[in-house]
Amino acid sequence: MLAGFRRKNIKRKEIKKRTPRSAKIREICEQKTMHTFKNIFQSHNWEEQKSSIYAKTAKDVEHAIASTKRTLEDFKALISPAAVPYIEQMAQLSNALTQKRFGKTIQMYAPMYLSNECNNICTYCGFSFDNKIKRKTLTDAEILKEVEVLKNNGFNHILLVTGEANKTVHVDYFKKAIVLIKSQFANISIEVQPLETEEYKELHDAGVYSVLVYQETYHEEVYKSYHPKGKKSNFFYRMETPDRIGIAGIHKIGLGVLLGLEDWRTDSFFNALHLDYLQKKYWQTKFSVSFPRMRPAEGIIEPNVIVSDKDLVQLICAYRLFNEDVELSISTRESEKFRNNIIPLGVTSMSAGSKTNPGGYAVEPDSLEQFEISDERSAQEISKLISESGYEPVWKDWDKTLA
């Protein structure tokens with residue numbers, strides 16, 4: 001009997017040993033993705049949530065400000081029209097909460113565009129497939145030239161960005177680029193097409209620290225009109241991408257909506273709902289939220305909704321009051337004036353000296369941009385601005401060898 005038991009044990013071990021790693025990951029994925037954000041999303045109607053936000057009262061806002069543990073209902077109140085008279089009070093509290101959690105620091109980073117090739121038609125993006133433009137994907141040598149400029153400007157955190165063209169800029173291309181540059185940077189993030197869990201795991205193993213993926217808008221009914229062609233038109237595949245990133249064990253997930261497509265308050269509520277779900281499920285993961293407002297670009301539509309500077313300040317402060325731990329990022333999409341004044345109000349990271357075209361730093365400065373940046377100041381100028389505001393510009397705040 002004992003011998004038979006041992007033989008069975010050996011057989012089980014042999015089977016386990018022969019099981020491909022990808023099959024194990026797939027099995028884990030199937031178990032964990034039984035319940036994704038889709039289940040929660042479908043229980044929240046857009047129009048009902050919008051009505052709830054716009055029905056919030058001054059009393060609701062005061063309750064949210066006074067609370068020490070704020071709920072999603074509190075977040076609704078803080079982004080509602082009723083909260084506008086309370087923005088100054090929200091800003092002061094946002095400043096205090098941010099300093100308590102992050103100190104007086106602003107993380108510096110730069111985007112590096114590897115390719116503007118894209119198979120999607122997106123009505124708000126300069127890289128859209130239907131724009132008849134010159135396409136460019138950087139070679140290894142060109143990537144290194146771009147890196148040299150960024151390193152000379154002091155950057156240690158880099159965000160790799162591409163269009164969505166699976167046959168050109170695919171996982172093997174990303175891995176090759178990451179291996180090529182990872183000795184040069186303390187932190188590598190990516191903003192590329194949604195991938196499968198196993199692919200994210202490969203990129204994690206290669207050295208990726210964080211992945212940014214924006215839903216653009218959570219308005220399911222109109223999403224297709226903004227994305228009429230390409231893989232990005234699959235609303236739920238994109239929405240479940242952060243689940244795949246979380247399962248893969250990526251250290252940080254970046255969320256956001258494109259401000260200007262639909263009602264910013266309702267879109268931001270759904271983004272906060274998504275964030276809340278993800279933090280509870282992937283509690284060992286860090287999270288960030290970005291606030292991209294639509295900017296001019298080749299062949300794009302005009303914003304459907306205007307989001308004012310005051311609106312954006314309210315939104316940033318609302319996120320900080322709702323979530324003390326989330327990292328909040330502002331890019332060079334925003335104007336000099338806005339970025340000068342937003343530093344003490346809750347943000348924790350800023351890009352500087354950015355180029356939104358492949359090769360924009362050194363190789364091909366005139367290649368097509370994804371969008372026009374607004375703040376064109378150099379990294380050194382932004383670093384000086386941060387210091388003069390009483391904050392510390394952080395170029396490198398951790399090392400992978402210490403993780």
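This is a predicted model: local features need pLDDT of at least 70, side-chain atom pairs count only at pLDDT 80 or more; totals for chains, interfaces and linings use all residues.
Residues are numbered from 1 along each chain as its sequence is written, and side-chain values use heavy atoms, with hydrogens and water left out.

Two packed helices are described by the angle between their axes and the distance between the axes. Helix α8 spans residues 140-152 and helix α9 spans residues 171-181; their axes cross at roughly 45 degrees and come within 11 Å. Axes are lines fitted to C-alpha atoms, for helices over the stretch in contact, and angles between N-to-C directions run from 0 to 180 degrees. The crossing of α8 and α9 is right-handed, that is, the near helix is turned clockwise from the far one by less than a right angle. On the α8 side the contact (heavy atoms within 4.5 Å) is made by Asp140, Ile143, Leu144 and Val147, and on the α9 side by Tyr173, Lys176, Ala177, Leu180 and Ile181. Seven of the residues in the contact of α8 with α9 are nonpolar, none is polar and two are charged; Ala, Val, Leu, Ile, Met, Phe, Trp, Tyr, Cys and Pro count as nonpolar, Asp, Glu, Lys and Arg as charged, and the others, Gly among them, as polar.

Thr197, Tyr200, Lys201 and His204 of α10 meet Thr241, Arg244, Ile245, Ile247 and Ala248 of α13. The contact of α10 with α13 comprises four nonpolar, three polar and two charged residues.

Helix α13 is largely enclosed by the rest of the structure, because eight of its eight residues are buried, where buried denotes under 20% relative accessible area, with a 1.4 Å probe and protein chains only. The buried residues of α13 include Asp243 and Arg244 as well as Ile245 and Ile247. Glycine 249, which follows α13, has a positive phi near 85 degrees.

Strand β5 (residues 252-255) contains leucine 255, which is buried with a relative accessible area of 1%. Apart from neighbours within four places in sequence, leucine 255 is in contact with several residues, among them Pro242, Val213, Tyr214, Leu275 and Leu278. The C-alpha atoms of leucine 255 and alanine 272 are separated by 9.1 Å, the two residues being 17 residues apart along the chain.

Serine 383, in helix α17 (residues 379-388), is also buried, with a relative accessible area of 14%. With residues up to four places away in sequence not counted, serine 383 touches Met108, Pro393 and Trp395.

Overall, the protein has 17 helices and nine strands, assigned as DSSP runs numbered from the N terminus (helices H or I, at least four residues; strands E, at least two). Buried residues account for 55% of the 403 residues. Of the contacts between residues at least 6 apart in sequence, 76% join residues at least 24 apart. The accessible surface of the protein is about 18300 Å², with 50% belonging to carbon and sulfur atoms, as given by the Shrake-Rupley method with a 1.4 Å probe.

Technical notes
Buried means under 20% relative accessible area, exposed over 50%, partly exposed in between (1.4 Å probe, protein chains only).
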